[in-house]
Number of protein chains: 2
Amino acid sequence: MFHALATSVRRDILRRTIEREQSVSTLASEYEMSFAAVQKHVSVLEAANLIVKRAEGRERLVRANPEMIARARALLARYEELWRARIARLDDLLAAPAAQHPTPKQGD
Amino acid sequence: MFHALATSVRRDILRRTIEREQSVSTLASEYEMSFAAVQKHVSVLEAANLIVKRAEGRERLVRANPEMIARARALLARYEELWRARIARLDDLLAAPAAQHPTPKQGD
DNA sequence: ATAATGTACAACCAAATGGTTGTACATGAA
DNA sequence: TTCATGTACAACCATTTGGTTGTACATTAT
């Protein structure tokens, strides 16, 4: 999944197929590599469910699957949430430095 | 960057170092692989700026760099934004199907 | 029918990846 | 000092990756 996003060519294919559905050969014409190479990139994205292919005549039309993009983003958002939780914990410690003392009654 | 996030061991290291700063050997003790292997994973994360190392005595303490996590998340959020923009465009087309016709006067 | 286009897939190759072991060195503990 | 711990790094290996070319086949165009 993140592996599928790990090369710029694949992220570019993803971007293009978000904008509009395109055939594999149309995509291939955009890059300076063989059709077969682009075909492989497309199938990596497909295996990760980041794109979907459908047949139309002899063409295979590729479109992005925004659901999986959202999943990846959500995972990273969870990490940021962990970070915020950690900061909150640290803040708590700083706010109550005498918490381990046995019931400091009141004032203090 | 996404490549650094592409293996579960590295994502796990990232998660642990978000929770709290840890030495490389502490991290290594969590996985069933050699210390050197974990060391390599750590250096991949470091090269991607997803973590930061600092020396303390003979130990190297590792902590997550939330800034880069945010960058990755933001990139994916941009993709989702592209998707929303595309949907909006399609909606516009559907909302004004006769736009190219020369002023359909009224009723119709 | 024939040619051109779009795709699939296999075989091959160089380079990168993810792991290992071994060696060296700095620091902390006995 | 001597020993144990934590790290760095090199060398090596199997597998994966990212690219190539070549062949085959379905669909469209002439």
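Which residues does A:L14 touch, not counting residues up to four places away in sequence?

1. A:L14 touches A:L45, A:L50, A:I51 and A:A64 of its own chain, and B:Y79 from chain B, with residues up to four places away in sequence left out of the count. The model discussed here is predicted.

2. A:L14 belongs to the largest nonpolar core, a set of 36 residues. Within this core, A:L14 and B:L14 are the residues with the most contacts. Both chains build the core: α1, α3, β3 and α4 of chain A each supply at least two residues, and so do α1 (8–19), α3, β3 (59–64) and α4 (66–95) of chain B. As background, nonpolar side chains tend to be buried together in soluble globular proteins.

3. On the contact between the chains, 21 residues of chain A meet 21 residues of chain B. On the chain A side, α1 (8–19) and α4 (66–95) each supply at least two of the touching residues. The largest share comes from α4(A), with twelve residues. By class, the chain A side holds 15 nonpolar residues, one polar residue and five charged residues.

4. The sheet of chain A is open and has three strands in the order β1-β3-β2, with antiparallel pairing. β1 (22–23) and β2 of chain A are the edge strands; each has a single partner strand, so one side of each is left without a neighbour in the sheet. β2(A) and β3(A) run antiparallel and are joined by six bridges. One of the bridge pairs to check in the viewer is A:A55, whose partner in β3(A) is A:R60. In general, strands of a sheet pair through backbone hydrogen bonds.

5. Helix α1(A) lies across β1, β2 and β3 of chain A. The angle between α1(A) and β3(A) is about 95 degrees.

6. DNA strand C is surrounded by 22 residues, and the closest are A:S25, B:S34, B:A36, B:A37 and B:G57. From chain A, α2 (24–28), α3 (35–47) and β3 (59–64) each supply at least two residues of the surface near this strand, as does α3 (35–47) of chain B. α3(B) gives the most, with five residues. The classes are nine nonpolar, eight polar and five charged residues.

7. DNA strand D is also surrounded by 22 residues; the closest are A:S34, A:A36, A:A37, A:G57 and B:S25. Here α3 of chain A supplies at least two residues of the nearby surface, and from chain B so do α2 (24–28), α3 and β3. The largest share, five residues, comes from α3(A). The surface near DNA strand D divides into nine nonpolar, eight polar and five charged residues.

8. Two backbone angles deserve a look. A:N49 has a positive phi of about 60 degrees although it is not a glycine. A:N49 sits in the loop between α3 and β2 (51–56) of chain A. A:N49 counts as partly exposed because 14 other C-beta atoms lie within 10 Å, a number between the limits of 12 or fewer for exposed and 20 or more for buried.

9. B:N49 is found in the loop between α3 and β2 (51–56) of chain B. With 14 C-beta neighbours inside 10 Å, B:N49 is likewise partly exposed.

Notes:
Residues numbered from 1 in each chain as written. Chains lettered and ligands numbered in written order. Predicted model: local features only at pLDDT ≥ 70, side-chain atom pairs only at ≥ 80, totals over all residues. Contact = placed C-beta atoms within 7 Å. Helix = DSSP H or I, 4+ residues; strand = E, 2+ residues; numbered from the N terminus. Nonpolar A, V, L, I, M, F, W, Y, C, P; charged D, E, K, R; others polar. Near = placed C-beta within 6 Å. Core = buried A, V, L, I, M, F, W, Y, C linked by C-beta atoms within 7 Å. Pairing = 2+ DSSP bridges. Axes fitted to C-alpha atoms, helices over the stretch in contact; angles between N-to-C directions.
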